[in-house]
Amino acid sequence: MGASTGDVRRIAVSTGGGDCPGLNAVIRAVVKTAIGVYGWEVLGIESGFDGLLGRYGARVRPLTAESVRGILPLGGTILGTSNRGNPFAMPTETGEPIDRSPEVVNRIRELEIDALVTIGGDGSMRIASQLLELGINLVGVPKTIDNDLAATDVTFGYDSALHVATDAIDRLHTTAESHNRVMVVEVMGRDAGWIALEAGIAGGADVILIPEIPYRIDAVASALINRARAGRKFSIVVVSEGAVPEGGAQVYQEERHGAPGARRLGGICIQVAEDIALATGAETRAVVLGHLQRGGSPSPFDRTLGTRFGAAAVHLIARGGYGRMVALRGRDIVDVSIADAIARPKLVDPNGEMVQAARSVGISFGT
Ligand code: F6P
């Protein structure tokens, strides 16, 4: 490696971690900017870093203006992605992870890749900082529907997920009202309650439960009973997958196969719905939105942000800004060190303005 500004001839781009709407907008912008502005070649690494290791048939392929034609409105990623392909701790059949990073570094050298654009969430940015230490030139582009990266005001993918979740809440309103039911809808977000909070406010939820504010079921029940006494015979409860009852624990689906320690959140809405039924006598139903929130066409905001991030990442390489990640601050695209970007997650402030606004309009957080 050792390419410095001006030495770049060939770059590569990868998408890692869970997919989200807007990834293709970034890939397209990276390819168009690298080729159109700088005359560089671009390679696409398939399935996170798997393409560099040939895992599961994943490979590295050239990306041209033709390869990215028409992908702006497409959800997912044309390169594929993986959240089980950390080269520093690659899952194996024995269950004992192995370090395959030397092979990744060798392959990058063999392919004469001068710099990488790593598009990913906190997990991918952690891998990126380890690769940097091994001498790989790279820049980061933050993505996740969870919006839990502190270094950027917002990640692309989040806005599209909010649209899906808000639309679902709107739809649940009509059926809840028709049947006089309490509908409990679970949204994603891991340890951050952003999707639940913003979709809950936008969808006019009556109760929002988020990981940052442990709830008491008696407080949830009294909010719903008060509503019923006021003549509202139906209610909408939005629960973040990582929400916790006071003194309780998060609900997980299963141990993730082949990735010891990584577990999938999910299913708390069923517990909450049962607890509400017991405490209030109301008829309840539970809905898990799950991966619907990650699918489909990116919103205009995410297409634009993805395009701005992709172009900015290529300009960052041209300036030799390795080890940095593009970010949104206010209305501006800036860059921050990847190490700082992963230092702490961005969580909802339980006493912040957005929670206060929700409380002001009568939304209960189960406290
Ligand atoms: O981080 C994005 C996210 O969608 C989380 O909100 C969710 O907990 C997780 O990924 C689901 O991961 P998987 O795609 O492995 O089920």
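## Report on a predicted chain

At 29% relative accessibility, arginine 107 counts as partly exposed, the band between buried (under 20% relative accessible area) and exposed (over 50%), with a 1.4 Å probe and protein chains only. Arginine 107 sits in helix α3 (residues 101–110). Glycine 51 is 56 residues away along the chain, yet the C-alpha atoms of arginine 107 and glycine 51 are separated by 9.8 Å.

The model is predicted: local features need pLDDT of at least 70, side-chain atom pairs count only at pLDDT 80 or more, and totals for chains, interfaces and linings use all residues. Residues are numbered from 1 along each chain as its sequence is written, and side-chain values use heavy atoms, with hydrogens and water left out.

**Overall form**

The protein chain has 11 helices and 13 strands. These are DSSP runs (helices H or I, at least four residues; strands E, at least two), numbered from the N terminus. The C-alpha atoms fill a box of roughly 70 × 45 × 35 Å along the principal axes. Buried residues make up 54% of the 367 residues. Take contacts between residues at least 6 apart in sequence: 72% of them join residues at least 24 apart. Contact means heavy atoms within 4.5 Å.

**Helix pairs**

Two packed helices are described by the angle between their axes and the distance between the axes. Here the axes are lines fitted to C-alpha atoms over the stretch in contact, and angles run from 0 to 180 degrees between N-to-C directions.

| Helices | Axes come within | Crossing angle |
|---|---|---|
| α1 (residues 23–36) and α9 (residues 300–318) | 7 Å | roughly 40° |
| α5 (residues 158–179) and α6 (residues 194–202) | 9 Å | roughly 50° |

The angle makes α1 oblique to α9. α1 passes α9 in a right-handed crossing, where the near helix is turned clockwise from the far one by less than a right angle. On the α1 side, Ala25, Val26, Arg28, Ala29, Val30, Thr33 and Ala34 make the contact; on the α9 side, Arg303, Gly306, Thr307, Gly310, Ala311, Val314 and His315 do. This α1 and α9 contact divides into 7 nonpolar, 5 polar and 2 charged residues. Nonpolar covers Ala, Val, Leu, Ile, Met, Phe, Trp, Tyr, Cys and Pro; charged covers Asp, Glu, Lys and Arg; the others, Gly among them, are polar.

α5 and α6 are likewise oblique to each other. α5 passes α6 in a right-handed crossing. From α5 come Tyr158, Ala161, Leu162, Ala165, Thr166 and Ile169; they meet Trp194, Ile195, Glu198, Ala199, Gly200 and Ala202 of α6. By class, that contact of α5 with α6 has 9 nonpolar, 2 polar and 1 charged residues.

**Two buried residues**

Serine 299 lies in the loop between β11 (284–288) and α9. Serine 299 has 6% relative accessibility and so counts as buried. Beyond four places in sequence, serine 299 touches Asp159, Ser160 and His163.

Leucine 224 belongs to helix α7 (residues 217–229). At 6% relative accessibility, leucine 224 counts as buried. Leaving aside neighbours within four places in sequence, leucine 224 is in contact with Val182, Val207, Ser235, Val237 and Ile276. Alanine 196 is 28 residues away along the chain, and the C-alpha atoms of leucine 224 and alanine 196 are separated by 18 Å.

Note on methods
Angles under 35 degrees count as roughly parallel, over 145 as roughly antiparallel, 65 to 115 as roughly perpendicular and the rest as oblique.
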